Amino acid sequence: MNSFTRKSSKRTVVGVAMASAIVAATAVGAVGAGANLSVFGGAARNSGDQTKAVRAAIDGGRADNVILFIGDGMGDSEITSARNYAYGAGGRLPGIDALPLTGQYTTYSLTKEGKVDYVPDSAATGSAWATGTKTYDNAVSVDIHGTAKATLLELAKKKGYKTGNVTTSELQDATPAVQVSHISQRSCYGPVKTAATCPEAALENGGKGSITEQLIGTRPDVSLGGGATTFNEKAAAGKYAGLTLLEQAKNRGYNVVNDAAALDAVSKADQKKPLLGLFAPGNLPVNLVGPAATPTGGTTPAAKCTPNESKPAGQPSLKAMTKKAISLLDKGSKKGFFLQVEGASIDKQDHAANACGQIGEALDMDAALEAALKFAKKDKHTLVVVTADHGHTSQIVEAGSNTPGLTATLLTVDGSPMTIAYGTAPAGGSQQHTGTQVRIAGYGPQAANVVGLTDQTDLFFTIARALNLG
């Protein structure tokens, strides 16, 4: 932390060594578009033996801060297509690919009977890393019996850390919800849906309330994303009955902002005046648009993605939200902070078989990760982890070919066509998640615990140990 002197000189030396290791590991590997990949060694990513660089990146100390990035639905195919499109087959994503310690983790969920469910949803997977407990699809930080399990954000807050939750989805969506709420069904955003679908959680029945009501009560120092519409619902019971959830938040001291300019103007966020940024009625719009995937999209001329002109000018990017959250959480914190950041619409655009939308959201999250890594390298006591909640359907297939499903062909920065296929739902349907293991990578104290094959629940324990949450 920049205003306190609790770090030892030993940890400072280790931090400098890790920063050097990242430079060594990435500088030679960015061959990028236009490089001569055909010559001997022309596509190699490493320069000589990497043993010393990897050894230098290993720090077994305790972290002061943890920044967890979740690319929703961001499997290896989604990472590769984004890299190919923007940086070339031989290039590197400046965020994801810069983390020096990498592994894979398993993502399966359970049924309510405790049997394995190989293809999970975002609620069960988020609950796994948030609480260290496997659960059933649609469950939000409760176990298969419906018992609430403490989350990383709740534990960090209890230990005196500042906390934050940033997303490009609605703040009530599964991934942000798992850190701030406990409920049987992820769809119970507000009092109306909760009364009908999750009656045991409704305030009028003595429950914890809807996801939004629990979010307000959990009170992270910083919450940024979409989902403003649900805040217009009124509480049905309790101290704030009859008031909208937005009115309740303001009455409880929240500083509510709605655009990038207002976000920029915020200079402080803490428990006296937590920050609530609501930047869209629902999910934030995507960054890139392009050709739809169709049954014959593999043989159509390769196209470029273009910026989404309908994206509101006053809406902050994920990078801007992340940088602001880090700044506010780092300021005045005597102990440190825990921050979760989600690139939510990689998944949502994969469901829609929207290749450009999917790629744009992956690149958007990578830019936010790059900014966080820059902070961590300067701070030297921050653990940064990036991973996904589950795999998804998109596949890079032979360019110019059609499949039994849907395809779209894009022209990458290499000047080559890349055909992306979606084959788990017909046109107009929702493409499905997959049960594959996904990448996890880290930088900083305790990052070595992501190496090899782990499970999603291991991430809970990695972060809890790094922050000494008990």
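A disulfide is a pair of cysteine sulfur atoms within 2.5 Å. This model is predicted, and by that rule it holds two disulfides. Numbered in sequence order, the bonded cysteines of the chain pair 1-2, 3-4.

Start with Cys188 and Cys198. Their sulfur atoms lie 1.9 Å apart. That separation is within the 2.5 Å cut-off, so the pair counts as a disulfide. Where do the two residues sit? Cys188 is in the loop between helix H6 (174-180) and helix H7 (191-197). Cys198 is in the loop between H7 and helix H8 (211-218). The bond therefore ties together parts that are ten residues apart in sequence. The angle about the S-S bond is 80 degrees, and the link of Cys188 and Cys198 is right-handed. Cys188 and Cys198 are both buried.

Now move along the chain to Cys305 and Cys356. These cysteines form a disulfide, with 2.0 Å between their sulfur atoms. Again the distance falls within 2.5 Å, so the pair meets the rule. Cys305 belongs to the loop between strand E9 (288-289) and strand E10 (306-307). Cys356 belongs to helix H13, which covers residues 355-379. This link therefore joins a loop to a helix, tying together parts that are 51 residues apart in sequence. The link of Cys305 and Cys356 is left-handed, with -85 degrees about the S-S bond.

Are Cys305 and Cys356 buried or exposed? Buried means under 20% relative accessible area. Cys305 has 10%, so it is buried. Cys356 has 0%, so it is buried as well.

Next comes the backbone. Which phi does Lys380 have? Lys380 has a positive phi of about 75 degrees, although it is not a glycine. Lys380 is found in the loop between H13 and strand E12 (382-388). H13 is also the helix that holds Cys356. The relative accessibility of Lys380 is 22%, so this residue counts as partly exposed.

Gln446 is another non-glycine residue with a positive phi, about 75 degrees. Its place is the loop between strand E16 (438-443) and strand E17 (452-455). With a relative accessible area of 14%, Gln446 falls under the 20% cut-off and is therefore buried.

Conventions
Residues are numbered from 1 along each chain as its sequence is written. This is a predicted model: local features need pLDDT of at least 70, side-chain atom pairs count only at pLDDT 80 or more; totals for chains, interfaces and linings use all residues. Side-chain values use heavy atoms; hydrogens and water are left out. Helices (H or I, at least four residues) and strands (E, at least two) are DSSP runs, numbered from the N terminus. Buried means under 20% relative accessible area, exposed over 50%, partly exposed in between (1.4 Å probe, protein chains only).
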